[in-house]
Amino acid sequence: MLNFLKRIFSNGQPSSRSRANDRLRVVLTHDRVGASNHLMETLQTEIIALIARHMEIDGTPEVRLITEGRHSALDISIPLKGR
Amino acid sequence: MAKKNPDCQVYVVTSGKGGVGKTTAVANLSTGLAKQGYSVVVMDLDIGLKKLDLILGLENRVIYDIVQVVEGECTLRQALVKDKRFPDLFMLPAAQTRNKDDLTAEQVVEVCKELRPDFDFIIIDCPAGIEKGFQNAIAAADKAIVVTNPEVSAVRDADRIIGMLESAEFRDIKLLVNRIRPDMVRRGDMLSIEDLIEHLCIELLGVVPEDSGVVISTNRGEPIILDEKSSAAQAFNNVVQRMMGKEVPFMTLQEESFWGKLKRNFGFGR
């Protein structure tokens, strides 16, 4: 009953707490390495362009920042076309 | 002056963002430590925007300040203001009509060096921001307490401060979460302690619930830690115990009962 009422009043939106967590995750990762959204887009375009010059890319390549504790890494995932 | 320990622990209390409760924390932790019989000195380094004297209720006793000490206008002893309640608690006031550039990090280190032999704890109240005042405040400290609120902007600033403390080779950085409201966390409308630790990745020193009594105690110039019934006082007392090296379990935050709320709203109690 309580959950039902909650669902009606929150009209299916995620809680503000989970929104805050999501926003913090992105902002802190970027703050820590000094990377803006713009820089991430530039990196993604340039890395994909570089790989595409030598190999054939298949599907959706991804370049993103990931964090483990206070350490960050660039996670590059580029699917390649097989012969 | 009765010093209990041969060594002296120098803490800086910092946050990046202003208004999260740094000075309140400094006033309460220093008072709590003094109540436990330690000799404590608090140093207000918010030059130009001093508040610690007001929070401790010592504003009428201030004669000299730290800038006058380093400029040789008075001795360090003359500038130390003795607390009303505890004979082993002293405050070194900030200067109100000067600014952060009137002090160097070396001078702060020098003042601390002179205080170390006589005190168990030196607690430095750091100004908000990451500029000169922050650099001065962290220069002489061995340990850092980062104060934050469960709120995105405060957490972002805390993260930046933690990064800067790590670059300054601080090994002992702990988190003090202030003004949490368990009812809001439960409703999904506030970041929880677990959320904060996950984002900031540092050890928790304490959790202080939102407590309207803090405003009242600040009005009176009496740190809330002396009002043992209040939930904030219990939380600050636990932090004091941890600073003394004791292991104290983190209290489960009790939500205010219906009757408690009713009493509070109708002005009963306290």
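Student: At what angle do helix H2 (residues 16-33) of chain A and helix H7 (residues 152-167) of chain B pack, with their axes 10 Å apart?
Tutor: In this predicted model, helices are DSSP runs (H or I, at least four residues) and strands likewise (E, at least two), numbered from the N terminus. Axes are lines fitted to C-alpha atoms, for helices over the stretch in contact, and angles run from 0 to 180 degrees between N-to-C directions. H2(A) and H7(B) pack at about 25°.

Student: How are H2(A) and H7(B) therefore oriented to each other?
Tutor: Angles under 35 degrees count as roughly parallel, over 145 as roughly antiparallel, 65 to 115 as roughly perpendicular and the rest as oblique. H2(A) and H7(B) are therefore roughly parallel.

Student: Which residues of H7(B) does H2(A) meet?
Tutor: Contact means heavy atoms within 4.5 Å. H2(A) contributes Ala20(A), Arg23(A), Leu24(A), Val27(A), Leu28(A), Asp31(A) and Arg32(A), and these meet Val152(B), Val155(B), Arg156(B) and Asp159(B).

Student: How much area do chain B and chain A bury between them?
Tutor: Buried area is the accessible area (1.4 Å probe) that two parts lose on being put together, summed over both. The contact takes 18 residues from chain B and 14 residues from chain A. Carbon and sulfur atoms carry 50% of the area buried between the chains, which is about 1400 Å².

Student: Which three residues supply 37% of the area that chain B buries against chain A?
Tutor: Their share is more than that of any other three residues. They are Arg156(B), Asp159(B) and His199(B).

Student: Is Val41(B) buried or exposed?
Tutor: Val41(B) lies in strand E2 (residues 40-44) of chain B. Buried means under 20% relative accessible area, exposed over 50%, partly exposed in between (1.4 Å probe, protein chains only). At 0% relative accessibility, Val41(B) counts as buried.

Student: Which residues is Thr24(B) in contact with, leaving aside its neighbours within four places in sequence?
Tutor: Thr24(B) is found in helix H1 (residues 22-35) of chain B. At 17% relative accessibility, Thr24(B) counts as buried. The contacts are with Ile55(B), Val214(B) and Phe236(B).

Residues are numbered from 1 along each chain as its sequence is written, and chains are lettered from A and ligands numbered from 1 in the order in which they are written. Local features need pLDDT of at least 70, side-chain atom pairs count only at pLDDT 80 or more, and totals for chains, interfaces and linings use all residues, while side-chain values use heavy atoms, with hydrogens and water left out.
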